[in-house]
Amino acid sequence: MSNVFVLDHPLIQHKLTYIRNKNTGTKEFRALVDEVSALMAFEITRDLPLEETTIETPVMEATTKVLSGKKIGLVPILRAGLGMVDGILRLMPAAKVGHVGLYRDPETLKPVEYYIKLPTDIEERELIVIDPMLATGGSANDAIHSLKKRGATNIKLMCLIAAPEGVEVIQNEHPDVDIYLGALDEKLNEKGYIIPGLGDAGDRLYGTK
C-alpha cells in the first residue's frame with residue numbers, strides 16, 4: 001500500500017491558505033504555488049543518497065557530503081503541473097523534465113492522454129509525477145500507468161492538495177508509489193471537485209475559465 005505523507009510544515013500550511021483563498025489573484029497564486037513546490041521538494045528529496053568527498057575549505061581539508069548522483073526526473077501533468085516545476089528545479093537544476101498531457105472528459109470524468117514526452121532513460125531515474133490536485137485520481141493514475149508502460153520503476157507523486165477518493169485510487173492501483181501532499185481535504189463534490197479545495201488549479205494559474 002502506498003505511503004501517504006502530508007507535509008504539515010508551517011510555511012507550507014500558511015501559503016496553502018492563500019492559495020485556497022478565492023481573492024488571491026493569478027500573479028500571487030503562481031508565486032505561492034512556486035514557493036510551496038520548492039518547500040515540498042525539501043521533503044520529497046529527504047531520502048536522496050549521499051556520498052563523502054574531500055574538499056579544501058579556506059581553513060583546512062575537510063571530508064563532507066554531496067549527492068551521490070541519483071538521477072531525478074520531474075513529470076508534470078499538463079497543464080497545471082507546469083506551475084509547480086520551476087520551484088523544484090531551483091533546488092534540483094540537473095533534474096530532467098518530461099511531460100504528460102491529460103485532460104478530464106467533462107462527461108465521464110475519465111482522463112484522455114493527448115501528449116507524452118519523456119527522458120530517454122526514465123527506467124534509471126527516480127520520477128516525481130507532479131499535479132497540484134489529486135481529485136478523482138484518474139489523471140495521476142493514467143500518467144503513472146503511462147510511465148510504467150515505458151519502463152519506469154521508481155515513482156513518487158507530489159500534489160498540493162488531495163481528496164481521499166483520489167488517494168485511494170493511487171493506493172489501490174499503484175501500491176509502490178508514495179504520495180506527498182500539502183493537505184488532505186475532506187471529499188469530492190458531485191462535480192468531482194475537491195472540497196474545500198482551491199478551485200481549478202489550471203484556470204487559477206493561467207487566468208482562464
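Asp200 is partly exposed in this predicted model, with a relative accessibility of 29%. Asp200 sits in the loop that joins strand 13 (194-195) to helix 6 (201-206). Setting aside residues up to four places away in sequence, Asp200 touches Arg79 and Tyr193. There is also a polar neighbour to look at: a polar atom of the Asp200 side chain lies 2.9 Å from the backbone nitrogen of Asp203.

Next comes Ala201, which belongs to helix 6. Ala201 is buried, at 4% relative accessible area. Beyond its neighbours within four places in sequence, Ala201 is in contact with Phe29, Ala80, Pro132 and Met133.

Both residues carry an annotation. An unreviewed UniProt entry lists Ile194, Gly199, Asp200 and Ala201 under "binding site". Ile194, Gly199, Asp200 and Ala201 are also part of the lining of the largest pocket.

The unreviewed entry has another "binding site" annotation, covering Arg79, Arg104, Asp131, Pro132, Met133, Leu134, Ala135, Thr136, Gly137, Gly138, Ser139 and Asp200.

Leu134 is found in strand 9 (residues 133-134), and at 1% relative accessibility it counts as buried. Leaving out residues up to four places away in sequence, Leu134 touches a group that includes Leu157, Ile161, Val167, Ile170, Ile179 and Ile194. Ala135 lies in the loop between strand 9 and helix 4 (138-149).

Outside the four places on either side in sequence, Val112 is in contact with Gly101, Leu102 and Tyr103. Val112 and Asp142 are 30 residues apart in sequence, while their C-alpha atoms are 8.5 Å apart in space.

Here are the accessibility values, ready for use:

| Residue | Relative accessible area | Class |
|---|---|---|
| Asp200 | 29% | partly exposed |
| Ala201 | 4% | buried |
| Leu134 | 1% | buried |
| Ala135 | 13% | buried |
| Val112 | 30% | partly exposed |

Terms used
Residues are numbered from 1 along each chain as its sequence is written. This is a predicted model: local features need pLDDT of at least 70, side-chain atom pairs count only at pLDDT 80 or more; totals for chains, interfaces and linings use all residues. Side-chain values use heavy atoms; hydrogens and water are left out. UniProt positions are given in the numbering used here, feature names are shortened, and annotations may be inferred rather than shown by experiment. Helices (H or I, at least four residues) and strands (E, at least two) are DSSP runs, numbered from the N terminus. Buried means under 20% relative accessible area, exposed over 50%, partly exposed in between (1.4 Å probe, protein chains only). Contact means heavy atoms within 4.5 Å. On a 1 Å grid over the protein atoms alone, a cavity is a set of points where a 1.4 Å probe fits but cannot get out, and a pocket is an open set with protein on both sides within 12 Å along at least five of seven lines; lining residues have an atom within 4 Å of a point. A polar contact is a pair of N or O atoms within 3.5 Å; within protein, one must be able to donate a hydrogen and the other to accept it, and residues adjacent in sequence count only if both atoms are side-chain atoms.
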